[in-house]
Amino acid sequence: MSTPNAPRPALTPRQRFLRERQQRQNMTFAVIGIAMIVAAVAAALVFTGIVPVPFGNDFSVKVKYAETGDIPCPTADAKPVAPSQVTVTVINTTQHQGLASKATDMLQTAGFQTEEPSNSDVEYTGRVRITAGADSVDAAYSVARFFPGSHVRLSDAQDATVKVELGTFYDDAMSAEDVQRVLKSNDSIEQPAKCRPMPGTKQD
């Protein structure tokens, strides 16, 4: 019968070999297990979109192009379209009479081609909504410069007319001085936040 403090018998060469091999196997399995856990976590983060794909983004990221009702992106580095090349129709969606006529007069002063102003029974509960078809997005943003706080949306219109809807929070037409100030500015059209590119445009 052995005692707790009795010396352990020396291992034979074969026993030492087997023990060392078992230790190496245990270490190998531990490293493989950790690597698999890390890979699984990384895959989950990429799959959920928390972490972007570090390579092959051109193939893994699907571009969402603008559809009707979306905020369309103007052409990159586009300059404002000359007012004489843009036709605009102004619609008053509020109960305040005369707003569309005053806005139309303001646009005529700026040099735009305007159609007869009209009223709508459907009230727009915003400031100004400007809509245009796919071929008139830059023109819509050029008109928007004369309506601070306006929002541009893509429509399914087939013609080139830009539609301006005056909403409940619309204040009044620009002064003649402000109109001239805007006309003198030739800065590129600003890309709004969260806009979606138009189909057929090249993405970086």
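## Basis

Residues are numbered from 1 along each chain as its sequence is written, and side-chain values use heavy atoms, with hydrogens and water left out. In this predicted model, local features need pLDDT of at least 70 and side-chain atom pairs count only at pLDDT 80 or more, while totals for chains, interfaces and linings use all residues.

## Overall fold

The protein chain has five helices and six strands. Both are DSSP runs numbered from the N terminus: helices are H or I with at least four residues, strands are E with at least two. Along the sequence the pattern is α-α-β-α-β-β-β-α-β-β-α.

The protein chain has 204 residues, and 29% of them count as buried. Buried means under 20% relative accessible area, exposed over 50%, and partly exposed in between (1.4 Å probe, protein chains only). Take contacts (heavy atoms within 4.5 Å) between residues at least 6 apart in sequence: 76% join residues at least 24 apart.

## Helix H3

Helix H3 spans residues 99-110, 12 residues in total. From first C-alpha to last it reaches 17 Å, close to the 16 Å expected at 1.5 Å a residue. The expected span is 1.5 Å times one less than the number of residues. Just after H3, Gly 111 has a positive phi of about 105°.

The buried residues in H3 are Leu 99, Ala 100, Ala 103, Thr 104, Met 106, Leu 107 and Ala 110. Seen down the axis of H3, they fall within an arc of 160°, so they line one face of the helix. The arc is that of the directions from the helix axis to the C-beta atoms. An α-helix has 3.6 residues a turn, so residues three or four places apart point the same way. Cover for the buried residues of H3 includes E1, E2 (113-114), E3 (118-119), E6 (162-166) and H5.

## Helix H4

H4 is mostly covered, with eight of its eight residues buried. These buried residues include Asp 138, Tyr 141 and Val 143. Their cover includes E1, E4, E5 and E6.

Ser 142 sits in helix H4. Its relative accessible area is 1%, so Ser 142 counts as buried. Beyond neighbours within four places in sequence, Ser 142 contacts Pro 80, Val 81, Phe 112 and Ile 189.

## Nonpolar core

A nonpolar core is a set of buried Ala, Val, Leu, Ile, Met, Phe, Trp, Tyr and Cys residues joined through side-chain atoms within 4.5 Å. The largest one holds 34 residues; Ile 130, Val 143, Phe 146, Phe 147, Val 164 and Leu 166 touch the most other members. E1, H3, E4 (128-132), H4 (137-144), E5 (151-154), E6 and H5 each supply at least two residues of this core.

Phe 147 touches residues that include Ala 103, Met 106 and Leu 107, along with Val 128, Ile 130 and Val 164. That list leaves out residues up to four places away in sequence.

## Disulfide

The structure holds one disulfide, defined as a pair of cysteine sulfur atoms within 2.5 Å. Cys 73 and Cys 195 form it, with sulfur atoms 2.0 Å apart. The link of Cys 73 and Cys 195 is right-handed, with 95° about the S-S bond. The pair joins distant parts of the chain, 122 residues apart. Cys 73 lies in the loop between H2 (57-60) and E1 (87-92), and Cys 195 in the segment after H5 (176-184). Both Cys 73 and Cys 195 are buried.
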